[in-house]
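Subject: Structure for your review

Dear colleague,

Please find the structure below. My notes on it follow.

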Protein chains: 4
Amino acid sequence: MTATTHWILTLVCDDKPGIVKAVSGAIVEADGNITESQQFSSADTGRFFMRLQVESAASRSTFEAALAPVTDRYRMISQLDIVGRPLRTLVLVSKAGHCLNDLLYRERAGQLAMDLPLVMSNHSDLGSLAAFYDVPFEAHPVTSPGQKLAFEQRVLEVVEEHDIELVVLARYMQILSPELCAALNGRAINIHHSFLPGFKGANPYKQAHARGVKLIGATAHFVTSDLDEGPIIEQNVVRVDHSRDASELVAIGQDEESRTLTQAVKWFAEHRVLLDGARTIIFR
Amino acid sequence: MTATTHWILTLVCDDKPGIVKAVSGAIVEADGNITESQQFSSADTGRFFMRLQVESAASRSTFEAALAPVTDRYRMISQLDIVGRPLRTLVLVSKAGHCLNDLLYRERAGQLAMDLPLVMSNHSDLGSLAAFYDVPFEAHPVTSPGQKLAFEQRVLEVVEEHDIELVVLARYMQILSPELCAALNGRAINIHHSFLPGFKGANPYKQAHARGVKLIGATAHFVTSDLDEGPIIEQNVVRVDHSRDASELVAIGQDEESRTLTQAVKWFAEHRVLLDGARTIIFR
Amino acid sequence: MTATTHWILTLVCDDKPGIVKAVSGAIVEADGNITESQQFSSADTGRFFMRLQVESAASRSTFEAALAPVTDRYRMISQLDIVGRPLRTLVLVSKAGHCLNDLLYRERAGQLAMDLPLVMSNHSDLGSLAAFYDVPFEAHPVTSPGQKLAFEQRVLEVVEEHDIELVVLARYMQILSPELCAALNGRAINIHHSFLPGFKGANPYKQAHARGVKLIGATAHFVTSDLDEGPIIEQNVVRVDHSRDASELVAIGQDEESRTLTQAVKWFAEHRVLLDGARTIIFR
Amino acid sequence: MTATTHWILTLVCDDKPGIVKAVSGAIVEADGNITESQQFSSADTGRFFMRLQVESAASRSTFEAALAPVTDRYRMISQLDIVGRPLRTLVLVSKAGHCLNDLLYRERAGQLAMDLPLVMSNHSDLGSLAAFYDVPFEAHPVTSPGQKLAFEQRVLEVVEEHDIELVVLARYMQILSPELCAALNGRAINIHHSFLPGFKGANPYKQAHARGVKLIGATAHFVTSDLDEGPIIEQNVVRVDHSRDASELVAIGQDEESRTLTQAVKWFAEHRVLLDGARTIIFR
């Protein structure tokens with residue numbers, strides 16, 4: 001007797017009648033039971049998005065064989081994964097540790113299924129934090145174009161070597177080259193320390209203070225070569241008042257950055273984030 | 001050529017494999033296209049819940065005929081309705097008008113699909129508000145057991161006469177008899193002026209003040225004979241501090257009451273609220 | 001024997017030692033008891049801000065005489081008012097009624113101390129809403145430069161005639177001339193249907209949808225000739241997801257607009273809003 | 001030339017006219033400049049509460065001498081401290097590390113001014129976390145009345161030896177004896193894993209699930225011998241839906257517990273928490 005596996009299946013294709021019937025038929029054929037199902041038809045792009053969780057004792061090959069005619073017929077982009085499988089993740093950091101600490105703590109606490117072969121940084125400050133969580137850490141200075149190129153080549157090497165599925169920019173304070181952005185398209189997440197489309201450029205908290213805003217926030221988004229314009233995954237805000245100076249806004253904002261980034265990574269790891277042009281579909 | 005109708009279909013039955021396939025097959029048979037689909041399997045009760053929105057040019061009878069074999073086989077409780085059809089609603093009030101005002105304003109603004117044949121009250125205070133919105137209004141004093149019985153009989157008469165689907169207790173300050181609760185089971189919603197399971201009994205805001213709570217809230221729930229213990233539909237809270245006296249907590253709390261009740265009514269009207277024992281499934 | 005009056009006193013001046021002692025001394029001299037006190041020293045501008053509530057049986061002239069030496073010495077901008085006095089307010093609207101409805105409802109419910117001699121509009125749609133609340137209403141078309149000039153002159157005439165303290169732009173869809181902005185400087189509040197500094201220009205909700213934002217919001221700010229760049233008074237946001245189209249974002253956003261504008265007006269009426277350059281001090 | 005010190009002064013006494021003048025006079029006498037001031041008169045108890053931040057180059061003894069006549073005359077409970085001085089804190093834990101991790105991380109990040117001579121636990125699980133942050137850690141089993149007595153005596157010994165100002169129960173899963181509660185009255189803070197006055201007793205998240213609540217939360221409160229009825233310091237909630245089982249509610253709730261407890265400790269360390277009978281005054 002085989003054990004039951006809990007699968008996650010995501011499907012994206014042009015929207016047409018009959019998709020749900022075809023998909024559910026294939027799942028029944030693989031002796032699967034649908035335990036969660038979410039779908040969305042985008043009026044903007046005409047695309048159809050679906051995420052299912054399925055209990056089945058069938059093997060992966062049996063499941064895939066049952067799905068193949070459907071994914072072929074509808075020209076679907078599909079992904080079949082096992083619930084809870086750790087996501088192979090590379091984290092890039094600089095000096096600020098709040099986002100990294102939150103990611104590592106939650107991974108250890110069993111709240112975030114990540115496999116972290118390496119943390120890379122352009123500074124050595126966070127080495128001891130990584131060491132405490134037994135995660136390898138590499139620091140390489142990035143102060144010249146040559147060093148930047150070398151750093152980015154090392155990133156790609158690590159992505160290749162460890163078959164990395166997600167690169168997380170956890171307050172990595174360097175702008176990625178267009179080439180690296182392109183190479184990591186759809187699998188790199190950045191945390192922006194502002195409530196986009198809010199204050200951009202340097203020191204958004206200082207701008208927020210000058211403008212006297214009453215809420216500050218953070219935005220997690222996919223990395224694209226168009227700086228801070230990548231598809232938004234998650235946003236949070238917190239209330240502030242006139243008594244907070246710019247440095248206090250930084251401290252308050254960091255909490256929002258941590259929880260917003262961690263949430264985005266968690267959803268990505270659970271295949272809840274799908275791209276619809278410049279927008280994201282989030283199946284929470 | 002027939003016009004396309006947007007249908008809402010809700011289904012509740014014991015959870016078994018193959019339900020989704022069977023349902024989607026029936027929908028395809030009725031030339032329907034699923035535009036929204038949500039489902040939930042309750043680990044607590046073993047029940048399966050589904051809500052679909054379907055575009056179809058088929059007539060109601062064709063659609064129902066296609067569904068019948070499936071709803072029979074799985075012994076489903078099913079409901080087929082048209083998106084946006086106004087819900088026949090009876091509102092009960094006393095003296096406080098904040099909830100009634102919000103309901104009436106949103107109905108007129110096109111944000112809440114309700115058909116309101118009558119507002120009933122045990123006081124005459126809110127008659128002019130109802131008049132402004134052209135809704136008939138009846139006030140009957142309820143100061144004796146006989147008057148209470150008469151009032152409740154009138155409620156049942158109105159429910160019967162207008163085929164009322166939902167009775168909303170919009171700060172109606174009388175406890176319904178167990179008989180009326182039973183008669184309206186699953187189709188009466190109350191707003192409780194506290195964050196249940198918080199302060200119960202009289203004057204929860206005074207209790208909240210005495211206890212120095214930092215958040216106050218409101219709870220919309222189905223009416224059951226077990227006072228304030230009916231299944232919860234929606235809850236909201238708002239932050240308060242030590243400087244608020246009990247009367248200010250009342251004013252602050254009223255906003256939460258209004259928006260919480262309106263939200264619950266809106267979800268109910270859209271068939272997004274399903275009962276799972278003592279809990280609600282909310283397909284938002 | 002004289003009755004006790006509850007006073008609000010606001011003071012703004014350059015920050016110097018000894019201010020609090022001098023002020024509290026003057027209050028004691030007027031037999032006053034300080035029941036609320038808030039202060040703030042702006043590191044940005046070097047200005048000092050104070051708001052007090054004082055119980056005193058002294059007459060206004062006695063109180064002012066006691067304060068005069070202090071306000072003179074520190075060259076203070078001071079204002080002495082009575083708690084709860086209705087603010088003489090002119091509301092400008094166009095077609096959308098959600099903000100006006102909220103203001104009028106709360107005024108009647110006793111939650112907002114306003115005296116409303118007139119509502120002015122460039123459309124007649126909201127006349128019946130104003131009529132229900134017994135507030136005079138004037139509609140004048142604004143489709144030519146001449147009509148715009150006439151409308152604005154009528155605004156200034158009403159401001160003059162009724163000694164208006166605050167002009168509220170409750171979704172008034174016309175840009176005010178620089179001359180009118182200047183004339184109403186510091187006493188006109190607008191509600192912007194976006195979370196500033198977010199999407200500006202036409203149809204921010206459509207922009208928000210295109211960008212796939214996860215939170216939408218509203219901003220109440222003082223009117224300045226620099227469109228939508230006036231000092232921010234209050235902001236609120238609400239969570240949305242990918243399933244909302246632009247028209248749903250509008251409906252959701254309107255709730256935030258109403259409550260944000262009403263909150264800003266309430267604080268202004270209670271003398272809780274003070275200007276510090278391009279920022280506001282809010283003594284909540 | 002002496003350097004300027006930033007002082008925090010808190011004052012509690014029966015409410016009477018002239019207090020603010022007297023206090024500000026004493027501060028001027030000590031060449032102090034008031035940079036922050038908050039006050040509250042409790043209508044419930046007739047008590048007056050004040051918190052000031054003062055810049056002064058005066059020595060502590062000079063400052064105290066200037067204040068003495070005022071604190072004597074009004075029989076004030078007063079406290080004079082230096083802004084940012086680390087609070088001598090003892091943390092008690094059991095097995096769950098989320099609250100301890102948050103406290104330690106923020107202390108190191110400079111966001112929480114604490115001096116932690118020791119973490120005590122009835123389990124050894126969190127020893128390595130304490131070690132990473134270089135904080136001494138003691139584990140003593142508490143499985144018998146004798147062991148419980150010994151543990152509590154050790155607590156009092158540590159409190160005595162290190163002049164501990166605050167004992168934090170960071171998910172310490174033992175009920176303190178009435179004697180220890182009394183000994184630590186007003187200087188022990190507990191985090192309750194529910195939104196009080198919500199679900200009490202064992203496993204509140206399971207109760208919350210059974211009841212189908214839509215919001216779960218956490219409450220930080222002072223420890224009293226009346227279990228979970230101590231004065232509330234801070235509360236937070238987060239939205240959940242029907243799809244969350246009890247174990248997910250636990251994980252979600254832990255974030256609220258961490259941030260609620262840390263916030264309460266931070267306010268306490270900054271002398272922003274004052275007791276008014278069964279309620280707290282929080283000068284945020």
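A salt bridge is taken here as a side-chain nitrogen of Lys or Arg within 4 Å of a carboxyl oxygen of Asp or Glu. By that definition, two salt bridges are counted between chain A and chain C. In one of them, Arg239(C) pairs with Glu234(A), and the closest N and O atoms are 2.9 Å apart.

This is a predicted model, in which local features need pLDDT of at least 70 and side-chain atom pairs count only at pLDDT 80 or more, whereas totals for chains, interfaces and linings use all residues. Residues are numbered from 1 along each chain as its sequence is written, chains are lettered from A and ligands numbered from 1 in the order in which they are written, and side-chain values use heavy atoms, with hydrogens and water left out.

The contact (heavy atoms within 4.5 Å) draws 33 residues from chain A and 33 residues from chain C. The two chains bury about 3,000 Å² between them, 52% of it on carbon and sulfur atoms; buried area is the accessible area (1.4 Å probe) that two parts lose on being put together, summed over both.

On the side of chain A that touches chain C, the residues comprise 14 nonpolar (Ala, Val, Leu, Ile, Met, Phe, Trp, Tyr, Cys and Pro), nine polar (the others, Gly among them) and 10 charged (Asp, Glu, Lys and Arg).

Yours sincerely
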